[in-house]
Amino acid sequence: MDFAFTEEQLMIQDVARRIAREKIAPSAEHFDRTGEFPLDNIRTLGENGLMGIEVPQEYGGAGMDPIAYVLAIIEIAAADCAHSTIMSVNNSLFCNGILKNGTEAQKQKYVRAIAEGKEIGAYALTEPQSGSDASAMRCRAVKQPNGSWIVNGKKSWITSGPVAKYVNLFAMTEPEKGARGISAFLVDADRPGFIRGKTEPKLGIRASATCEIEFQDYVVEPDELLGKEGEGFKTAMGVLDAGRIGIASQAVGLARAAYEASVAYVRERKSFGQPIGSFQMIQAKIADMKCRLDAAHLLTLRAAWAKAQAEKSGGRFSTEASVAKLTASETAMYITHQALQIHGGMGYSKEMPLERYFRDAKITEIYEGTSEIQRLVIARNETGIR
Ligand code: COS
């Protein structure tokens, strides 16, 4: 076992760290306060290869491995979680699914546009009445005699929905077959029948725009089917396995930022005539934060390694991804909570980013599968009991 990173991995980490420090950290408070979409920063990430880290160079990406992806997301999330959400959806949920299941023409068209940072992608699985129970979707795609589909229905909580050009949509093509009656499609937001709802006001990741999308007689052409008809649910689940590594990485980045701020603060802040870091109650917090941060970090890197192995063998990495996502998101919640407590009134104030970290951390326990769903996936895989 080797804990050292390759030169390539360190290079992308360095690029991400530089952009995070120079562009994202200084503007994070503004985007959180206003809820504006940080388009200019997202373009910079795209121009530097960070929107298609694992996308081969022939499709406009950086051609790197899953470990490089984890390292880059951690750096961006440490500066601002919302930026890393947009990055994670483009990389994992959008590009990854097409790379795995798409045709050559689909890769050239959709993956290239996102990986080069020219367009923004989204992933539409959730519906108003189906979140965790994803296969209970109602959005319907009805096949026409000419081979096209007509789509009607609603998708909700779509990250980057208000700004995305291309969306990976999941819809029921044969409802009587349940999960096996779902198909995946690639849709274009500029075509008739694609209607965006209002942008959701959210507790955290406020710069990552989220909305409902309604399809009204939207026409999908035959070459816009992603993968095989009826295999959309497996595509969705496989893509979420990769996505969960992205969320684990962002949780690690966020937790690291809160932890580092805490270490700096306990050295400086004096109480009863001494730095608060000299008090055992604070030392215990720092030690527990450090242990949980390292555990989350290592489990996330292990999941990325498992993904790389699965890509060679054709196997799955669902358990490793869920273990990483569950551990890292609960760690982000724990560490941001402790960090806020250590900072006292300053942590509660908008003068410092601690309260933003705390608000942002919560979403990592909810999206791309709640903590309850991660536990369900892990337990099912471990016991074989469904
Ligand atoms: N990769 C590939 N295929 C998978 C898979 C995975 N990770 N997980 C399940 N499948 C396949 C199964 O093998 C099964 O295939 P067969 O029909 O050939 O047997 C099929 O998908 C159905 O699987 P299963 O019966 O386990 O589906 P369930 O309806 O019980 O759902 C859970 C499983 C709950 C785990 C799934 O719905 C889930 O992950 N829900 C959370 C969704 C989510 O994360 N939403 C957030 C959206 S993005 S913000």
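1. Ground rules. This is a predicted model in which local features need pLDDT of at least 70 and side-chain atom pairs count only at pLDDT 80 or more, while totals for chains, interfaces and linings use all residues. Residues are numbered from 1 along each chain as its sequence is written, and side-chain values use heavy atoms, with hydrogens and water left out.

2. The second largest pocket. On a 1 Å grid over the protein atoms alone, a pocket is an open set of points with protein on both sides within 12 Å along at least five of seven lines, and its lining residues have an atom within 4 Å of a point. This one holds about 350 Å³ of space, a volume being the space filled by probe spheres set on the points, which are joined across faces, edges and corners. Its lining has 16 residues, with Asp2, Ile67, Leu301, Arg302 and Trp305 nearest the centre. Helix H3 (66–79) and helix H7 (280–313) each give two or more residues, and H7 gives the most, six.

3. Domain 1 (7–120) and domain 3 (234–383) both contribute to the lining, so the second largest pocket lies between them. The domain bounds come from an automatic or database domain assignment.

4. The cavity. A cavity is a set of grid points where a 1.4 Å probe fits but cannot get out. There is one of 30 Å³ or more in the structure, with about 40 Å³ of space in the largest cavity. Its lining is made up of Ile42, Arg43, Met51, Asn90, Ile114, Gly117, Glu119 and Ile120.

5. Helix H2. Helices are DSSP runs (H or I, at least four residues) and strands are too (E, at least two), numbered from the N terminus. In H2 (residues 39–47), Asn41, Ile42, Thr44, Leu45 and Gly46 are buried, meaning under 20% relative accessible area with a 1.4 Å probe, protein chains only. Their cover includes helix H1 (7–34), H3, helix H4 (81–101) and helix H5 (104–115). After H2 comes glycine 49, with a positive phi near 80°.

6. Arginine 196. Look for this residue in strand S6 (residues 194–199). Arginine 196 is partly exposed, at 32% relative accessibility; that class runs between buried and exposed, the latter being over 50%. Leaving out residues up to four places away in sequence, its contacts (heavy atoms within 4.5 Å) include Val163, Ala164 and Cys211. The arginine 196 side chain also reaches the backbone oxygen of glycine 161 at 2.6 Å.

Methods:
Polar contact = N/O pair within 3.5 Å; in protein donor to acceptor, adjacent residues only side chain to side chain.
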